[in-house]
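Biologist: Hi, could you walk me through this one? I'd like to go through it bit by bit.
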Amino acid sequence: MNSYLRLTYRNLRANLDFASLFFELIFPIFFIFVEGPGLGGVAGPVSVGNLTVSYSLYLAAGAVTLTVINGGTNAGTQLWYDRKNGMFEQLLMGPFSRAQYIFSIILATLIIGIAGSLIVFLIALPILGGGLQFSLEGIFFVGAALFLGTLLFGSFAIALSVVLRSSETFQIVSTFVFFVFLFTSSVFYPASKAPKPIQVISYGNPLTWTTDMFRAGLFHSFTPLLSLEVVTLAIVSAIVFGIAVLAFRRIRVQ
Amino acid sequence: MLLPDPAIYTAELSKRFGGKAAVDSVSFEVRRGEVFGFLGPNGAGKTTTIKMLTTLIPPSSGDASILGFDLHSQAKKIRERIGVVQQQDSFDQGLKVDTSLDIYGLLWDTPQEERRKRISELTERFGMEEYRRKPTVDLSAGQRRRLQVAREFMHDMDLLFLDEPTVGLDPIARRAVLNFFRDKVQKEGLTIFFTTHILEEAEYLCDRVAIINYGKIIQIDSPANLKRRFGSAKAVEFKLLEGTSDELARQIAGLDSVTKIAQDQETGSYRISTIKPEVIIPDLYRLSEKLGLKITSIYISETSLEDAFVSLVNNSTPEVSN
């Protein structure tokens, strides 16, 4: 078996905390089935490109992308556990290069992020089903959103776990940073309707780009801004991935 | 010019952290099929040397070849042929013992059938059968150490680095582990590079040992030679039927190879400190016979590798000596 696959399989088996994974799935499902319908009574319909959808449908689509950011934190956790448990050095004294190791973490993260999103998506079908419009273009946007979003947040978490060596600090900082990403994004509300300062932050938030791409793909409702979001997300993901690789390469073993 | 023959060859290998040399121009060879001990006090540079030789950290200067591969340019080829048991814990926290062994074997691309066979053999040899279904996070320190050592045998290798592999093991488990290493050397020609603070282990297992202090190797030799050359004087203890004889004590004290003779007031036995007990014993019998005295018991207390180690480390001036 290929070295990357062997390492990825090991990462998936050894470093995944199933309790956290369960929570990562429950969290968006809670929004989709409780929060969305609950707030649907007070929040009116919302525009997605040229379409107008109910708030619960809007939130359901956004909540699926929560698994992208949650899956991303797993990348940092994997690296952090390996360093804490001595497996980082052990693997680097084995038949692997640093590049193979870091790519295997990214690969495992992509699998977790994308698989998680698909599971949530399938569970959310009863709510999402009414608004779905399948097209090749839509599938491309959905796929690109899941892939680039997971890559970006996974890489970000890796860089964070390199810098933050204590478990407590990593957990606190990553939770705080991801809450900022989450609540200033278009997951819960459209950026265009938010007050100006929040709107500015939201338009610069990669989770907004990810969520907008995902929604556009699902509902087949594209805007000119969307192409810009795809390109920007791709570039920023590549840059953050580069930073993660550089940060990783600088990990010193004493 | 690097020699292809030895399992390990180093020439003036150094590692500096900041301005401080953790390992300072060490040069040595480890022959294939040899168990080579690397002994030194805490902070002497043992683990840093292992980390360099296993390609985990780059040397600051000097050359080395491992199994004929250049340390600087053929790191991956080296890693494919070595095994390492680190001093620190290393385990996959989300796995059970047998799954951990299986996945480690898979990482090394050991075929599935072979993995199954080895898991069964290793759990038995390392006494892990009782807890093979237990998650690694729930193991005691000693159980986890056994797993860490056993796991390394899930793949084939030519050279095994052991950095204090028996820390936390009880004496029974420790002996079983050492015997397992010895079997691997004798039956499969494995080469072992071994560090420990338990010098009886080094004496039991190693063909040769290097003693390192302040990053420099101060001596390399077989344990027997080190004991002979640097061990403290042996003692010959004897008792007389007559109890005491000042005249015998005086005459023994006058012998060339005797450094000291004293009588234990409680037991009444004499203790002669000497580096040549084989010379003293015939003289002792000759003199006692001449004085009409009868020796009722005689005993030689052996010097240990620990004696030699303590003496070398305490008196070491950092000079390379082979």
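Biologist: In β13(B), what is the bridge partner of Lys260(B)?
Modeller: Lys260(B) has Ser273(B) as its bridge partner in β13(B). Ile261(B) is partnered with Ile272(B) in that strand. Before going on: this is a predicted model, where local features need pLDDT of at least 70 and side-chain atom pairs count only at pLDDT 80 or more, while totals for chains, interfaces and linings use all residues. Residues are numbered from 1 along each chain as its sequence is written, and chains are lettered from A and ligands numbered from 1 in the order in which they are written.

Biologist: How many bridges are there between β12(B) and β13(B)?
Modeller: Five, in the antiparallel sense, with β13(B) covering residues 270–274. Two strands count as paired if DSSP finds at least two bridges between them. Strands are DSSP runs of E with at least two residues, helices are runs of H or I with at least four, and both are numbered from the N terminus.

Biologist: And what about the hairpin of those two, how many residues lie between the strands?
Modeller: Six, and Gly268(B) in that hairpin takes a positive phi near 85°.

Biologist: What is the strand order in the sheet?
Modeller: The order is β12-β13-β11-β14 in chain B, an open sheet of four strands with antiparallel pairing. At the edges are β12 (258–263) and β14 (295–301) of chain B, each pairing on one side only.

Biologist: Which strands does helix α10 of chain B lie across?
Modeller: Helix α10 (residues 277–290) of chain B lies across β11 (234–240), β12, β13 and β14 of chain B, at about 20° to β11(B). Helix α9 (residues 246–253) of chain B lies across β12 and β13 of chain B, and runs at about 160° to β12(B). Axes here are lines fitted to C-alpha atoms, for helices over the stretch in contact, and angles run from 0 to 180 degrees between N-to-C directions. Contact means that C-beta atoms, placed from the backbone, lie within 7 Å.

Biologist: Switching to chain A: at what angle do α8(A) and α11(A) pack?
Modeller: About 160°, with the axes of α8 (residues 136–163) and α11 (residues 206–219) of chain A 7 Å apart. The two helices are therefore roughly antiparallel, a label for angles over 145 degrees.

Biologist: Last one: how many residues does each chain give to the contact between A and B?
Modeller: Chain A gives 20 residues and chain B gives 23. On the chain A side, α1 (3–14) and α5 (87–92) are the elements that give two or more residues.

Conventions
Contact = placed C-beta atoms within 7 Å. Parallel < 35°, antiparallel > 145°, perpendicular 65-115°, else oblique.
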